[in-house]
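Here is a guided walk through one structure. Take a look at it before reading on.

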Amino acid sequence: MVTTTSLHILRHSLDQLASFGGIPQVYVTLAPHADEAAKALRDAVLAEIPGFSASANPQVLPGLASHGREHVDEICRLIAEGSLGDFGFVRDHARQRAEQRFPLEASLHAYRCGHRVLSQWLRNAVIATLTSGVEQAVAAVADFAIE
């Protein structure tokens, strides 16, 4: 669930990243690897959480791929524009999973997998882009990825 506190923390982490002066360049580094990040996200979830592959529901796997891509696209948009969205895609996905009676633990584990994959993608882009303040920027990326 996206809360006012989460949005405030996300805004703060974006502001921290912007303070290092490399946000436009980080986006230029991230964007060409968006497809790879979405695939890595899907692959990590499928490798670690059998509930997705074992589901007999034909909507689960396409939904996983689609939702992962939505996260990647939203991260690119946030980095490029710096403006917070309403994260409706997260609410919609949660509602769909609930309607499908998909196990909550599997969904939560998927977010933990996603955090690892996406934070690594962001971290690599920051390291490849910035020449100073890298340690502080990586810390800001960690905050950003958590939120």
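Which residues does Ala106 touch, not counting residues up to four places away in sequence? Ala106 touches Ile49 and Phe52. Contact here means heavy atoms within 4.5 Å. Ala106 and Ile49 are 57 residues apart in sequence, yet 6.5 Å apart in space, C-alpha to C-alpha.

Some ground rules come next. This is a predicted model, in which local features need pLDDT of at least 70 and side-chain atom pairs count only at pLDDT 80 or more, while totals for chains, interfaces and linings use all residues. Residues are numbered from 1 along each chain as its sequence is written, and side-chain values use heavy atoms, with hydrogens and water left out.

Ala106 lies in helix α7. Helices are DSSP runs (H or I, at least four residues), numbered from the N terminus. The relative accessibility of Ala106 is 9%, so Ala106 counts as buried. Buried means under 20% relative accessible area, exposed means over 50%, and partly exposed is in between (1.4 Å probe, protein chains only).

Now turn to the nonpolar cores. A nonpolar core is a set of buried Ala, Val, Leu, Ile, Met, Phe, Trp, Tyr and Cys residues joined through side-chain atoms within 4.5 Å. In soluble globular proteins, nonpolar side chains tend to be buried together. The largest core here has 30 residues. Within this core, Leu17, Leu30, Ile75, Ile79, Trp121 and Phe144 touch the most other members. The elements giving two or more residues to this core are α1 (4-19), α2, α3 (34-48), α5, α6 (88-99), α7 (104-129) and α8 (134-146). The largest share, six residues, comes from α7. There is also a second, separate core of nine residues. Val45, Ile49, Phe102 and Cys113 are among its members.

Next, look at how helices pack. Two packed helices are described by the angle between their axes and the distance between the axes. Axes are lines fitted to C-alpha atoms, for helices over the stretch in contact, and angles run from 0 to 180 degrees between N-to-C directions.

Begin with α2 (residues 23-30) and α5 (residues 60-81). Their axes are 8 Å apart, and the packing angle is about 150°. The two helices are therefore roughly antiparallel to each other. By the cut-offs, angles under 35 degrees count as roughly parallel, over 145 as roughly antiparallel, 65 to 115 as roughly perpendicular and the rest as oblique. The crossing of α2 and α5 is left-handed. That term applies if the near helix is turned anticlockwise from the far one by less than a right angle; clockwise is right-handed. From α2, the contact takes Ile23, Val26, Tyr27 and Leu30. From α5, it takes Ile75, Cys76, Ile79 and Ala80. The residues of this contact divide into eight nonpolar, no polar and no charged. In this scheme Ala, Val, Leu, Ile, Met, Phe, Trp, Tyr, Cys and Pro count as nonpolar, Asp, Glu, Lys and Arg as charged, and the others, Gly among them, as polar.

A second pair is α1 and α8. The axes of α1 and α8 come within 9 Å and cross at roughly 155°. So α1 and α8 are roughly antiparallel to each other. α1 passes α8 in a left-handed crossing. Which residues meet where α1 contacts α8? Leu10, Ser13, Leu14, Gln16 and Leu17 in α1 meet Ala137, Ala140, Val141, Asp143 and Phe144 in α8. By class, this contact has seven nonpolar, two polar and one charged residues.

A few single residues complete the tour. His93 is in helix α6. At 10% relative accessibility, His93 counts as buried. His93 touches Gly63, His67 and Tyr111, not counting residues up to four places away in sequence.

Two loop residues deserve a look. Phe87 is in the loop between α5 and α6. Phe87 has a positive phi of about 55°, although it is not a glycine. Is Phe87 buried or exposed? With 10% relative accessibility, Phe87 is buried. Arg101 is in the loop between α6 and α7. Arg101 has a positive phi of about 60°, and it is not a glycine either. With a relative accessible area of 75%, Arg101 is exposed. Arg101 and Ala137 are 36 residues apart along the chain, and their C-alpha atoms are separated by 39 Å.

Finish in helix α5, where Asp73 lies. Asp73 is partly exposed, with a relative accessible area of 38%. The C-alpha atoms of Asp73 and Arg112, 39 residues apart along the chain, are separated by 18 Å.
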